[in-house]
Amino acid sequence: MTTLRNLATALIIPALFCVSLFLFTWGVSSQEVIGFESRFYMFALEMWRHGISWFPTTYGDLYPDYLGTSTWLICISAMFVGGMNKLAAVLPTAIAAAITVVLTYMIGALRFKRFGYYAVLFLLMTVMFVKSGRTISLDVYSALITTACFYIVYSADILDKHEREWWVYPLIVLGFAFRGPIGLIIPVGVVCMYYLQTRNFKHLFFTAAFSLLLLIVVSFLMLQLAN
């Protein structure tokens with residue numbers, strides 16, 4: 001019985017990922033590209049046809065609001081699915097959403113496994129999250145980075161492994177790469193609120209100051225690339 005219980009525990013995370021990924025991709029290939037996602041699909045089509053660039057383009061002109069990170073992932077996805085289509089465009093977003101579901105479970109399970117299940121059910125009953133996971137959405141990447149950052153700082157306290165907190169900073173830079181300044185500011189805001197709530201003022205001030213420095217540096221680099 002102990003062996004079966006351990007096996008079931010080990011399979012929870014991959015099972016959650018696979019089921020979530022199926023939920024976010026089921027029937028997508030037969031759908032049309034409509035609404036807000038059509039802009040990102042056009043970015044992907046242009047990069048697919050003309051090659052990789054630092055920023056997405058519209059009719060050959062750069063669109064330097066944010067880096068082309070998400071567009072690169074769509075092009076890589078298109079290589080695996082055999083061409084640029086709706087499934088290739090949505091797959092990176094769906095994977096990010098599925099990882100967010102897994103991290104949500106892991107946050108709850110730090111206390112009790114049933115809390116992890118409740119958190120996942122609550123997340124999957126959030127219509128906007130499920131809808132975003134089935135479209136081309138940059139906000140899902142921000143949600144993933146924010147969830148990962150919260151898991152890191154929360155688990156560092158619960159498990160007394162504070163050295164892992166340094167992983168927050170590469171993650172927020174990755175968030176900037178996907179979503180621009182807002183992709184850095186949102187996860188930093190969540191981390192700072194956690195430190196404020198736990199009265200860890202030393203970490204609060206250091207995180208806020210260092211993140212501001214990172215924001216200035218990466219924004220300057222992005223502007224130089226755009227220039």
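## A nonpolar patch on the surface

A patch, as the word is used here, is made of residues with over 30% relative accessible area and no salt bridge, and nonpolar side chains are joined into one when they lie within 5 Å. Keep in mind that this is a predicted model. On its surface, Trp48, Leu73, Ile76, Met79, Phe80 and Val81 make up a nonpolar patch, and together they have about 600 Å² of accessible area.

Which helix gives the most to this patch? That's helix α3, residues 69–81, with 5 residues. Met79 is part of helix α3. Its relative accessibility is 59%, and exposed means over 50%, so Met79 counts as exposed.

## Aromatic pairs

Now for the rings: the structure holds 17 aromatic pairs. Take Tyr141 and Phe178: their ring centres are 4.3 Å apart and their planes sit at 10°, so this pair is stacked. The pair links distant parts of the chain, with Tyr141 in helix α7 (residues 139–158) and Phe178 in helix α8 (residues 168–179), 37 residues apart.

Are these two residues buried or exposed? Tyr141 counts as buried because its relative accessibility is 5%, and Phe178 counts as buried because its value is 9%. The cut-off for buried is under 20%.

## A cluster and a charge over a ring

Aromatic residues also gather in a group: Phe40, Phe43, Tyr63 and Tyr66 form one aromatic cluster.

Finally, have a look at Phe112. Arg114 lies over the face of Phe112, at 4.9 Å from the ring centre.

Terms used:
Residues are numbered from 1 along each chain as its sequence is written. This is a predicted model: local features need pLDDT of at least 70, side-chain atom pairs count only at pLDDT 80 or more; totals for chains, interfaces and linings use all residues. Side-chain values use heavy atoms; hydrogens and water are left out. Patches are made of residues with over 30% relative accessible area and no salt bridge: like charges are joined within 9 Å, nonpolar side chains (Val, Leu, Ile, Met, Phe, Trp, Tyr) within 5 Å. Accessible areas come from the Shrake-Rupley method with a 1.4 Å probe; for residues, only the protein chains shown count as cover. A salt bridge is a side-chain nitrogen of Lys or Arg within 4 Å of a carboxyl oxygen of Asp or Glu. Helices (H or I, at least four residues) and strands (E, at least two) are DSSP runs, numbered from the N terminus. Buried means under 20% relative accessible area, exposed over 50%, partly exposed in between (1.4 Å probe, protein chains only). Rings of Phe, Tyr and Trp (its six-membered ring) pair if their centres lie within 6.5 Å; planes under 30 degrees apart count as stacked, over 60 as edge-to-face and the rest as tilted. A charge sits over a ring if NZ of Lys or CZ of Arg is within 6 Å of the ring centre and within 35 degrees of the ring normal.
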